[in-house]
Amino acid sequence: QVQLQESGPGLVKPSQTLSLTCTVSGGSITINNYYWSWIRQPPGKGLEWMGAITYDGSTYYSPSLRSHTSISRDTSKNQFSLQLSSVTPEDTAVYYCARSTLLETDFGSWGQGTQVTVSS
């Protein structure tokens, strides 16, 4: 049973870069045919898919976030990470990492989520 766990600072100042890491256990992030995604949910709003990295390191991003989002991985630690630059208070959300077999959908495994607040 794969498990995902998000980690990172809970408070980020406006204009800074938000950095989160997802640590995966119970399965390798290099296993064929899986997408490893970041998803967020702002307060009072629905889930927003941000982007994903695949088993071979290819990356995909939401068009609306592409310009200031970067997803990378560290296969030696079985982790993948999110960097969101130039954040504003509108980036305040619960951030989740998740695994799926299809891009942007069919998420079978989720982390518990981590609250990130953007505020000075």
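Predicted model: local features only at pLDDT ≥ 70, side-chain atom pairs only at ≥ 80, totals over all residues.
Which residues does S37 touch, leaving aside those up to four places away in sequence? The list runs W49, G51, A52, F80, Y96, C97, A98 and F107. S37 sits in strand 4, which spans residues 35–41. Its relative accessibility is 0%, so S37 counts as buried. The side chain of S37 also makes a polar contact of 2.9 Å with the side chain of W49.

Now turn to the nonpolar cores. The largest has 24 residues. L18, W38, F80 and Y95 have the most contacts inside it. Several elements give two or more residues to this core: strand 3 (18–25), strand 4, strand 5 (48–54), strand 8, strand 9 (93–102) and strand 11 (114–118). Strand 3 gives the most, with four residues. A second core is separate and has five residues, among them I39, W49, Y96 and A98. W49 is also the polar partner of S37.

Look again at Y95 of the largest core. Beyond its neighbours up to four places away in sequence, Y95 touches E6, L18, L20, I39, R40, M50, L82, L84, G113, T114 and V116. I39, on that list, belongs to the second core.

Four strands form an open sheet in the order 1-3-8-7, with antiparallel pairing. Strand 1 (3–7) and strand 7 (69–74) are the edges. Each has a single partner strand, so one side of each is left without a neighbour in the sheet. From one strand to the next, the twist averages 20°. Strands of a sheet pair through backbone hydrogen bonds, in either a parallel or an antiparallel sense.

Follow the pairing across this sheet. Five bridges link strand 1 to strand 3 in the antiparallel sense. Q3 has S25 of strand 3 as its bridge partner, and L4 has V24. Strand 3 then runs antiparallel to strand 8, joined by six bridges. Here L20 stands opposite L82 of strand 8.

Strand 3 has two faces. L18, L20, C22 and V24 point to one face and are buried.

T21 leads on to S81. S81 lies in strand 8, residues 79–84. S81 touches L20, T21, W38, S70, I71 and S72, not counting residues up to four places away in sequence. By contrast, D56 is 25 residues from S81 in sequence and 15 Å away in space, C-alpha to C-alpha.

The whole structure holds six aromatic pairs. One of them joins W36 and F80: the pair is tilted, with 5.9 Å centre to centre and 55° between the planes. W36 lies in strand 4 and F80 in strand 8, so this pair ties together parts 44 residues apart in sequence. Both W36 and F80 are buried. Another pair is Y96 with W110. Their ring centres are 5.6 Å apart and their planes stand at 85°, so this pair is edge-to-face. Y96 is in strand 9 and W110 in strand 10 (residues 105–110), so the pair ties together parts 14 residues apart in sequence.

Are these two residues buried or partly exposed? Y96 has 18% relative accessibility, so Y96 counts as buried. W110 has 35%, so W110 counts as partly exposed. Finally, Y34, W36, W38 and F80 form one aromatic cluster. F80 is also among the residues that S37 touches.

How values were computed:
Residues numbered from 1 in each chain as written. Heavy atoms only, no water. Contact = heavy atoms within 4.5 Å. Buried < 20%, exposed > 50% of the residue type's maximum accessible area, 1.4 Å probe, protein only. Polar contact = N/O pair within 3.5 Å; in protein donor to acceptor, adjacent residues only side chain to side chain. Core = buried A, V, L, I, M, F, W, Y, C linked by side-chain atoms within 4.5 Å. Pairing = 2+ DSSP bridges. Axes fitted to C-alpha atoms, helices over the stretch in contact; angles between N-to-C directions. Phe/Tyr/Trp six-rings, centres within 6.5 Å; stacked < 30°, edge-to-face > 60°.
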